[in-house]
Amino acid sequence: MEEKRVTSFASVLDAGCGTGLVGPLLRNISTHLAGLDISPEMVKQAEARAVYDSLEVGEIVEGLGKYTKNLDLVVAADVFVYFGALEAVFEATSLALRKGAWFAFTLERLHQTQDATPEGISSGDKKGESKPDQPLIVVASEKQVPGGAEGEGAAPAREYTVSDSDVERGWKLQLTGRFAHTREYVEKLSREHNFKVMQHAEIVPRSDNGKDIQGHLFVLQATR
């Protein structure tokens with residue numbers, strides 16, 4: 001958007017606005033700022049910020065369906081981690097945006113990795129092995145029982161695999177209960193739904209127990 005020198009938008013939708021954390025950032029660039037979230041309690045907290053012109057409780061795809069080529073910007077920050085397949089979202093957003101309008105969102109990144117040996121599991125152990133076509137990620141349980149000899153009383157590690165078929169599909173549910181997506185999947189959907197990828201950046205959208213979570217930032221422009 002900076003390259004296009006876009007500094008303000010007539011009609012903006014904060015899709016999946018939650019408690020309105022992004023609202024203050026959008027307020028100064030929006031003539032009309034709307035918020036949409038599925039949780040009534042979240043919307044109530046967003047309303048208390050007094051930055052939105054309108055707020056609505058509802059599901060994102062259904063909510064987008066109420067707009068027909070009259071939005072200038074749709075923002076979804078840390079929202080699509082709760083969606084697997086994004087085809088319906090892209091279709092609804094494409095229909096809601098004017099030609100030349102913008103779609104900006106973040107995702108967590110899905111990728112294969114061979115880094116599957118946590119402390120306490122040797123690379124030769126069965127649980128630490130990885131098949132070439134199915135890299136293994138071993139994730140330590142969140143609950144560890146104190147006391148006992150090394151390894152005693154600790155909940156067993158949970159295994160999480162990312163296969164070639166997962167990467168080909170473009171998304172997968174993680175052990176955190178959040179979905180991760182590939183860059184290629186988003187680029188494919190962009191082509192299919194008349195978007196041009198104007199910007200992509202690899203980012204760290206959040207941290208989990210002190211560990212940086214890898215993600216994507218996408219800025220798309222509607223071509224029709």
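Biologist: In which helix does D166 lie?

Modeller: D166 lies in helix α5, which covers residues 164-169. This is a predicted model, and the values we discuss are computed from it.

Biologist: Why is D166 called buried?

Modeller: The relative accessible area of D166 is 9%. Buried means under 20%, so D166 is counted as buried.

Biologist: Which residues does D166 touch, leaving out those up to four places away in sequence?

Modeller: D166 touches L110, T161, W171 and K172. What makes each of these a contact is that heavy atoms lie within 4.5 Å.

Biologist: What makes Y160 buried or exposed?

Modeller: Y160 has a relative accessible area of 9%. That value is under 20%, so Y160 is buried. Y160 is placed in strand β7, residues 158-161. The C-alpha atoms of Y160 and L173 are 9.8 Å apart, and the two residues are 13 apart along the chain.

Biologist: How do you know whether L220 is buried or exposed?

Modeller: The relative accessible area of L220 is 0%. The limit for buried is under 20%, therefore L220 is buried. L220 belongs to strand β11, residues 211-222.

Biologist: What does L220 touch, apart from residues up to four places away in sequence?

Modeller: Its contacts include F90, A101, W102, F103 and F105, and also S190, F195, K196, V197 and M198. As for W102, its C-alpha atom is 5.7 Å from that of L220, although the two residues are 118 apart in sequence.

Biologist: How much of the protein is buried?

Modeller: Buried residues make up 41% of the 224 residues. The protein has six helices and eleven strands. Of the contacts between residues at least 6 apart in sequence, 56% join residues at least 24 apart.

Biologist: Now the charged pairs. Why is the pair K66 and E56 called a salt bridge?

Modeller: The side chains of K66 and E56 meet at 2.3 Å, N to O. A salt bridge needs a side-chain nitrogen of Lys or Arg within 4 Å of a carboxyl oxygen of Asp or Glu, so the pair qualifies.

Biologist: Where in the chain are K66 and E56?

Modeller: K66 is in the loop between α3 (60-64) and β4 (71-76), while E56 is in strand β3 (residues 54-57). The two are ten residues apart, and the pair links distant parts of the chain.

Biologist: What makes K66 exposed but E56 partly exposed?

Modeller: K66 has a relative accessible area of 54%, and exposed means over 50%, so K66 is exposed. E56 stands at 27%, which lies between the limits of 20% and 50%, so E56 is partly exposed.

Biologist: How do you know that R183 and E187 form a salt bridge?

Modeller: Their side chains meet at 2.9 Å, N to O. The cut-off is 4 Å, so R183 and E187 form a salt bridge. Both residues lie in helix α6 (residues 183-192), four residues apart, about one turn of the helix. R183 has a relative accessible area of 35%, and E187 has 23%. Each value is between 20% and 50%, so each residue is partly exposed.

Biologist: What about K188 and E192, and why are they called a salt bridge?

Modeller: The closest N and O atoms of K188 and E192 are 2.9 Å apart. That is within 4 Å, so the name applies. K188 and E192 both lie in helix α6, four residues apart. The relative accessibility of E192 is 44%, which makes E192 partly exposed. K188, at 37%, is also partly exposed.

Biologist: How many salt bridges does the structure hold, and which residues are linked in a network?

Modeller: The structure holds twelve salt bridges. D78, E108, R178 and R206 are linked in a network of them.

Biologist: Which residues lie nearest the centre of the second largest pocket?

Modeller: G16, G18, D37, D78 and V79 lie nearest its centre, out of 21 lining residues. By class, the lining has eleven nonpolar, six polar and four charged residues. The space in this pocket is about 460 Å³.

Conventions:
Residues numbered from 1 in each chain as written. Predicted model: local features only at pLDDT ≥ 70, side-chain atom pairs only at ≥ 80, totals over all residues. Heavy atoms only, no water. Buried < 20%, exposed > 50% of the residue type's maximum accessible area, 1.4 Å probe, protein only. 1 Å grid on protein atoms, 1.4 Å probe; cavity = no way out; pocket = protein on both sides within 12 Å on 5 of 7 lines; lining within 4 Å. Points joined across faces, edges and corners; volume = space filled by probe spheres on them. Nonpolar A, V, L, I, M, F, W, Y, C, P; charged D, E, K, R; others polar.
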